[in-house]
Amino acid sequence: MKERLEALRSEALDKLQTVADAAALNDLRVHYLGKKGQLTEILRGMGSLSAEERPIIGQVGNEVRAAIEAVIAEKQAGFEQAETARRLQAETIDVTLPGKKSAVGAVHPLNKIVEEIEDIFIGMGYTVAEGPEVETDFFNFEALNLPKNHPARDMQDSFYITDEILLRTQTSPVQIRTMKAMNGQTPVKVICPGKVYRRDDDDATHSFMFHQIEGLVIGPNIRMSDLKGTLLQFVREMYGSQMQIRLRPSFFPFTEPSAEVDVTCAQCGGSGCRMCKHTGWIEILGCGMVHPKVLEYGGYDPKEVTGFAFGMGVERIALLKYGIDDIRHFYANDTKFLSQFAKI
Amino acid sequence: MNVSYRWLSDYIDLSGIPAEQLAEMMTRGGIEIDSVPSRNAGVTGVVVGYVKKREKHPDADKLSVCTVDAGTGEDLQIVCGAQNVGADMKVPVAVVGAKLPGGLNIKRAKLRGVESQGMICSARELGINDKLLPKEQQEGILVLPPETEIGRDILDVLALDDSILELDLTPNRSDCLSMLGVAYEVSALTGRPLNLPDPAKDIYSAAEVTSDYVRVSISSPEHCSLYTARYIKGVKVAPAPQWIQNRLIAAGVRPINNIVDITNYVMLEYGQPLHAFDAGKVAGGRIDVRLAQAGETLVTLDDQERKLEPHMLVIADAEKAIGLAGVMGGANSEVSEGTTDIILESAKFDGSTVRRTSRQLGLRSEASARFEKEVDQDRVRAALDRAAGLIARYAEGLVTEGVAEAEVSAKQPAVIDLSLSRVNGMLGTELSSLEIKTILSRLQFKVEASGDDIWKVTVPSRRGDISRDVDLVEEIARLHGYDEIPTTPIEGPTTPGSLTKPQAIRRELRTILTGAGLHEAISYSVTSLPRTELFAELAAGAKPIALAMPMSEERSVLRTTLIPSLLEAAAYNLNRKNNDVALFEIGNVYHTDETTLTRLPNEKPRAALLLLGNRRTAAWNRTAEPVDFYDAKGVLEQAFDRLGLTGRISYEAAQPAGFHPGRTAAIVIRTERGSETIGYVGQVHPETQREFDLPDAYVAELELEPIYEYADASIEYRILPRYPAIERDIAVVVDRSVAGGALTETIAASAGELLESVKVFDVYTGERIGSDKKSVAVALVYRHAERTLTDEEVGEAHARVLVQLEQSYGAELRK
């Protein structure tokens with residue numbers, strides 16, 4: 001019986017050496033080790049053995065089974081590996097082809113800039129105030145110290161609807177509306193973005209409709225040095241911590257003293273280039289201390305409070321920031337233009 | 001205002017301050033200098049020559065051969081092509097070795113076989129803008145006055161060795177529309193003293209008295225506060241001296257004759273416009289300042305007949321108008337070559353009166369520009385005397401004794417209270433009393449102490465822009481230097497910064513819509529009238545709001561809806577081969593029920609979107625998918641989900657104007673006030689699409705105010721289900737007209753609280769179920785939160801659903 005077991009082992013191991021695939025391997029396993037397989041068949045004859053022989057043969061039988069099983073397991077693993085390899089090979093794709101993106105739109109560049117500026121001032125404790133685009137002559141001009149017949153005021157330059165109602169030419173009327181809404185309370189700290197309209201022929205640098213954003217601060221002890229401090233902080237958050245500002249005396253009817261503000265040219269860092277006309281400076285906003293008459297119109301006593309205001313053109317900032325060549329691109333809504341601003 | 005650096009040096013010593021440095025100093029002080037061009041465009045080696053002899057060129061009809069003494073010690077032979085060259089003339093000569101603008105180098109040359117030792121120059125060849133030359137000098141070579149010294153450098157003769165400061169003045173600084181005003185400013189900036197002209201010293205009175213020749217009066221005192229005139233006899237009208245002409249040209253004013261040039265010269269010097277009338281043409285020796293009469297006309301100096309209106313101020317003689325006050329003189333009293341006696345006018349006309357007239361007639365001049373900004377009444381007489389003196393000297397006139405004048409009121413100087421604490425409190429500086437007083441005295445403002453560090457400051461009349469203490473604070477700040485003001489943080493309590501709810505939602509919408517693949521558009525708020533009528537329901541009966549003076553028909557009316565702007569943008573994109581367009585815009589529309597506005601219109605914030613072309617383009621691994629109605633609706637649904645509004649929103653088939661009647665839904669919001677339509681989503685009507693030359697386009701527009709009001713970002717967490725759900729699918733056959741949305745609503749209402757969700761997963765139409773029918777397949781999910789459902793419970797609920805569907809819609813279960 002031992003001989004038969006040994007013979008079975010060598011036969012099985014022989015056959016297993018040449019087995020071709022997983023199915024044939026399984027057939028061999030059933031043939032030798034299955035419930036009705038060869039090994040079981042031989043061991044069934046153990047009943048006729050003596051008590052001494054039985055454990056010996058039993059052990060031989062276990063050894064044979066273990067030997068065959070080991071080879072089967074080894075073969076099995078080999079086949080599985082080969083199968084995996086084949087599958088991986090078959091599943092290989094060209095990873096250099098483009099992926100499937102979902103479409104993403106872009107916030108309009110002007111609104112991107114407005115949001116950025118709003119966020120800087122919100123961080124400095126400002127709220128955002130808005131007002132109507134169709135305004136009264138009073139709010140747009142008169143309360144801003146531009147009485148009728150003022151030289152800086154020209155029917156030709158504004159889109160009037162009636163004698164008393166027009167498309168606002170500046171966001172400054174929001175200053176008056178804010179002051180009136182505050183009812184004499186301080187402090188006032190607002191930033192006012194919005195569309196404005198002037199009777200200008202459109203060209204690469206002019207648009208009859210454009211955007212402004214302006215700020216207003218009123219308090220019991222607001223100084224021009226605070227205005228400088230505020231603008232410096234804004235400019236550094238907007239353009240970088242190396243930036244400097246420079247104030248030049250200027251004139252606006254609603255501020256006194258008034259200034260125009262230059263920032264370090266971002267292109268050359270102040271050394272002078274084509275963009276800044278070799279001055280090292282770029283003009284970006286106008287500002288000043290709120291004119292006493294304007295404070296009065298807003299319901300404040302100019303002896304009790306002072307304030308500063310500043311304003312800038314959003315298009316100009318966007319043109320400079322992105323190097324855009326023509327202001328009219330902002331309103332044509334060409335998707336080739338808009339899609340360039342999709343970056344976060 | 002163009003300021004000649006050399007001319008300015010007459011009034012203030014500019015040594016050590018070159019023009020460029022002066023420009024920078026003035027700009028930093030508040031008078032912006034645009035540029036500082038040199039008057040010399042590149043001329044060297046050009047001198048004054050005397051043409052001794054002119055002969056015809058032997059071989060060329062149009063050329064002549066001149067013998068010229070250019071002070072070089074020997075006569076030069078120069079071939080010249082100009083027709084106006086002649087013997088006994090002083091001309092500019094570019095001798096051999098000279099350089100001219102444009103890089104031209106003068107060499108010895110042969111012209112048609114004749115040697116030429118230089119070139120006789122025209123003004124243009126010397127780089128002078130010939131528009132600024134007297135008419136007779138615009139053609140041919142430049143002819144110089146006979147007394148010009150031979151051999152003298154032309155740069156010196158024509159004062160080309162000079163720079164021009166081009167001032168870009170703010171409207172408040174009209175005091176710098178004069179050389180004297182600029183000199184005062186430079187004196188304040190540099191601290192150097194002024195050397196002002198003394199107008200009186202040049203007056204040569206005759207034995208005759210002005211009042212025998214002319215009397216003046218003001219009939220319209222609210223429009224003219226001072227009128228003065230001098231009478232000058234026996235003038236000789238001729239070209240002005242070269243130096244006056246040079247200065248006028250430098251300032252950009254064309255010389256005409258000595259009388260006109262002197263009035264212009266004094267206007268540039270004093271900022272006071274003057275006018276000279278031919279006294280022989282002034283009837284009755286009378287001048288009156290009055291308003292025009294109805295129907296009156298006047299031919300002005302430019303030979304245009306002007307119809308005058310009763311608000312226009314005129315200068316009149318005993319019979320007729322002879323000038324438009326402050327705007328332009330009349331042709332009927334113009335100084336001409338035959339003029340012998342003149343009446344010289346210097347006056348203060350009201351700025352807004354002059355402005356109104358000059359605007360209305362489209363007549364703007366150097367004079368009107370100055371009157372509009374209010375001239376300095378204190379300079380009216382000084383300017384008159386200065387001009388009279390120059391005319392006496394350079395036009396050989398005799399100035400009669402006395403000034404004819406009428407004065408309504410003299411101007412009182414402004415006296416302003418100022419304190420040290422106000423200055424430093426406003427600026428954040430720590431200036432001393434002395435520093436402040438020094439600055440003000442450099443401006444020639446008078447400072448008198450009226451208390452401890454409190455002053456009364458008297459402002460000279462030349463600075464009409466200064467009337468309040470803050471104006472003085474600005475003067476102090478700019479002369480102290482804006483750079484010297486410190487940089488400080490705001491003192492006082494901190495304030496929280498934030499966005500309002502509408503502002504935050506608007507930003508959220510941008511995030512959602514860009515996330516859905518749409519680009520944000522901004523389009524013009526004005527459009528054409530027909531565009532406002534395309535989408536009547538969205539315009540909601542608003543009356544058009546028209547601009548009084550539009551730039552064009554296309555931009556003449558405020559928009560009442562947003563969609564037309566997006567349709568225009570779509571057409572623009574298609575023209576540029578951007579074939580897939582996905583845009584949205586958040587902006588205002590303008591509604592009113594008034595035909596003529598008496599109050600501000602309602603500015604309604606809205607959002608609109610447009611989809612056109614493919615949802616996604618074809619790629620190597622997928623086909624293109626055109627957009628349809630459900631893409632547009634899906635974008636909205638996604639937005640409503642994100643804004644917590646889905647539970648309030650429903651959609652109803654609708655047929656608003658401008659939309660495809662079978663492919664449009666009204667967007668309805670349910671609120672405490674009831675249900676209200678807040679917008680539409682649908683395909684654009686094919687006719688409207690054709691109007692914009694567009695293929696199928698899907699659009700939506702909705703009101704944002706209800707969104708702002710009801711958006712709810714609060715999140716209510718629900719415990720995750722612990723018990724299994726039971727899913728049941730049904731397919732029912734109903735009439736085609738039955739809305740799918742109604743079916744799911746009925747299912748939700750009838751199934752009871754065990755129903756967790758209901759979702760349409762298929763809609764079938766076809767022959768097999770009849771042409772007027774459709775089959776709608778719906779997946780229902782039932783679940784109980786606290787236990788496992790039994791088949792019986794679900795069966796009951798499901799049966800209720802089927803019964804209700806049958807009763808409501810005649811729905812049959814599809815086999």
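1. P257(A) sits in strand 7 (residues 255-264) of chain A. Here helices (H or I, at least four residues) and strands (E, at least two) are DSSP runs, numbered from the N terminus. A cis peptide bond joins E256(A) and P257(A), with omega about -5 degrees. P187(A) is found in a loop, between helix 7 (173-182) and strand 4 (188-197) of chain A. Most peptide bonds are trans.

2. A word on what you are looking at. This is a predicted model: local features need pLDDT of at least 70, side-chain atom pairs count only at pLDDT 80 or more, and totals for chains, interfaces and linings use all residues. Residues are numbered from 1 along each chain as its sequence is written, while chains are lettered from A and ligands numbered from 1 in the order in which they are written.

3. Chain A has 12 helices and 9 strands. Its C-alpha trace spans about 130 × 45 × 45 Å along the principal axes. The radius of gyration of chain A is 43 Å, but a compact globule of 344 residues would have one near 20 Å. That radius is taken over C-alpha atoms, and the globule rule is 2.2 Å times the number of residues to the power 0.38. Buried residues make up 42% of the 344 residues in chain A. A residue is buried if 20 or more other C-beta atoms lie within 10 Å of its own, exposed if 12 or fewer, and partly exposed in between, with C-beta atoms placed from the backbone.

4. Helix 2 (residues 22-33) of chain A passes a length check. Its 12 residues, at 1.5 Å a residue, should span 16 Å, and its end C-alpha atoms are 16 Å apart, which agrees. The expected span is 1.5 Å times one less than the number of residues. The buried residues of helix 2 are L28(A), R29(A) and Y32(A). Seen down the axis of helix 2, they fall within an arc of 105 degrees, so they line one face of the helix. The arc is that of the directions from the helix axis to the C-beta atoms. Their cover includes helix 1 (2-17), helix 3 (38-43) and helix 4 (53-91) of chain A.

5. Now the contact between the chains. Chain A gives 71 residues to the contact and chain B gives 76 residues. Two residues are in contact if their C-beta atoms, placed from the backbone, lie within 7 Å. On the side of chain A that touches chain B, the largest share, 7 residues, comes from helix 8 (residues 224-239) of chain A. By class, that side has 38 nonpolar, 21 polar and 12 charged residues. Ala, Val, Leu, Ile, Met, Phe, Trp, Tyr, Cys and Pro count as nonpolar, Asp, Glu, Lys and Arg as charged, and the others, Gly among them, as polar.

6. Chain B comes to 21 helices and 42 strands. Its radius of gyration is 42 Å, well over the 28 Å that the globule rule gives for 815 residues, so chain B is more spread out than a compact globule. Its C-alpha atoms fill a box of roughly 130 × 85 × 60 Å, taken along the principal axes. Of its 815 residues, 42% count as buried.

7. Helix 5 (residues 242-251) of chain B is mostly covered, with 7 of its 10 residues buried. Among them are Q245(B), N246(B) and R247(B). The cover includes strand 1 (2-4), helix 1 (5-8), strand 11 (164-168) and helix 6 (258-270) of chain B. After helix 5 comes G252(B), whose phi is positive, near 90 degrees.

8. The largest nonpolar core has 279 residues, and V314(B), I391(B), L566(B), L609(B) and V699(B) touch the most other members. Such a core is a set of buried Ala, Val, Leu, Ile, Met, Phe, Trp, Tyr and Cys residues joined through C-beta atoms within 7 Å. Helix 9 (residues 380-394) of chain B supplies the largest share of this core, 10 residues. A second, separate core of 18 residues includes V738(B), L755(B), V801(B) and A811(B).

9. Q444(B) has a positive phi of about 65 degrees although it is not a glycine. A540(B), also not a glycine, has a positive phi of about 55 degrees. Most residues other than glycine have a negative phi. Q444(B) lies in the loop between helix 11 (433-442) and strand 26 (446-451) of chain B. A540(B) is in the loop between helix 15 (536-539) and strand 30 (557-558) of chain B.
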